[in-house]
Amino acid sequence: AIRNIHFPENTDALERARRRLMFEQLFVLSATLCMKKAQRTLSGARALESSDLSSFTALLPYEMTDAQKRSVGEIASDLARRVPMKRILCGDVGSGKTVCAFAAAYIAVKSGAQAALMAPTEILAKQHYAEAKPLFEKLGFTVSLLCGSMTKAQKDKTRRMLEGADGERIDFIIGTHALLSPDISYQSLGLVVTDEQHRFGVRQRSQLQHKGESDGVFPHVLVMSATPIPRTLALILYGDLDVSVVDELPPGRTPVSTRIVPEEKRADMYGFVRKEVAMGRQAYIVCPLVEDSEALEEVKSATAQYHALTTGPLSGLRVGLTYGKQPGEEKERTLEAFAQGNLDVLVSTTVIEVGVNVPNATLMI
């Protein structure tokens, strides 16, 4: 194929050489991807089969969208194979990725294996736990939470149950980086789900998978992301991940309206925030920096905006502040207060991109 590349007669030598090099690079890349995917078959996985999801879907308060059904079908097909699944589930915020992950977990636990879901923050892990626990318990399965803030006694009990000691067993464990702790082991881990995968390193994702390894048999891996950053795209490009896309919003969702507000109308914008709060709603105000920078004088910082707003346009409202390097407990308290409706406005950096569900927040600036 390389020898027989066809060039128009008027193509000069430099262009012919450039095209030849481009073709060879693409050829080598394609061959490498084929080899990389073939290597997956060298490691085994437990086949997790469940042809009937009716018991699970019957408990959902809504019907899954066609995109969700398609994605769950692709995941189920992978899980039924004896080759470890490595799949990314992409979808916009609110598209329903979490229920697809829960469906995958249901297939795993129904097949007799354990499932683990790792979230980057404690508040997000607790949110997933609160959604999963009543659903899975109605189906007869045990769901537990493992986070850094739990007491030693709680962690020890969870650890014993994960190992299947004392005649008790956890079917579906949801937690933070605590799932990677050296003293944590699993009785029969069949599925690993990582939420907001770009918040974890490749090594961390691999660590959790290897915790479930037994005699050369590895758990299946599903990662979720609403943020296709370059590293995620690279993982897809280089064959490490197959892709499922939830490209359909559930019916009844109001389309997101995006507006550009010029500087001279900033006061009107804050007036709109007050109107939203007066109607019982909440708002995010997101800044690119934590503190002011002399090098970037025109760029707003979260701390400066927080102080300016609480003493000016938004005085009298309940305004919170959070950012990445804020002490962990303080950050968790602030995010929890906002999620519980105890703050009207949250000023932050992009740390809030981790998908904590706050349905009452209708505005983001």
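## Surface and overall build

The chain exposes about 19600 Å², and carbon and sulfur atoms supply 54% of that area. The model is predicted. Its chain holds 11 helices and 13 strands.

Of the 365 residues, 43% count as buried. Now take contacts between residues at least 6 apart in sequence. Of these contacts, 77% join residues at least 24 apart.

## A nonpolar patch

Phe23, Phe27 and Val28 make up a nonpolar patch on the surface. Together they have about 270 Å² of accessible area. Phe23 sits in helix H1, which runs over residues 13-39.

## One side of helix H10

Helix H10 spans residues 302-310. Its buried residues are Ala302, Thr303, Gln305 and Leu309. These residues lie on the same side of H10, because they cover an arc of only 165 degrees around the axis. An α-helix has 3.6 residues a turn, so residues three or four places apart point the same way.

## Cysteines

How many disulfides are there? The count comes to 0, with a disulfide taken as a pair of cysteine sulfur atoms within 2.5 Å.

Are Cys100 and Cys147 buried or exposed? Cys100 counts as buried because its relative accessibility is 1%. Cys147 also counts as buried, at 1% relative accessibility. The cut-off for buried is under 20%.

Key
Residues are numbered from 1 along each chain as its sequence is written. This is a predicted model: local features need pLDDT of at least 70, side-chain atom pairs count only at pLDDT 80 or more; totals for chains, interfaces and linings use all residues. Side-chain values use heavy atoms; hydrogens and water are left out. Patches are made of residues with over 30% relative accessible area and no salt bridge: like charges are joined within 9 Å, nonpolar side chains (Val, Leu, Ile, Met, Phe, Trp, Tyr) within 5 Å. Accessible areas come from the Shrake-Rupley method with a 1.4 Å probe; for residues, only the protein chains shown count as cover. A salt bridge is a side-chain nitrogen of Lys or Arg within 4 Å of a carboxyl oxygen of Asp or Glu. Helices (H or I, at least four residues) and strands (E, at least two) are DSSP runs, numbered from the N terminus. Buried means under 20% relative accessible area, exposed over 50%, partly exposed in between (1.4 Å probe, protein chains only). The arc is that of the directions from the helix axis to the C-beta atoms. Contact means heavy atoms within 4.5 Å.
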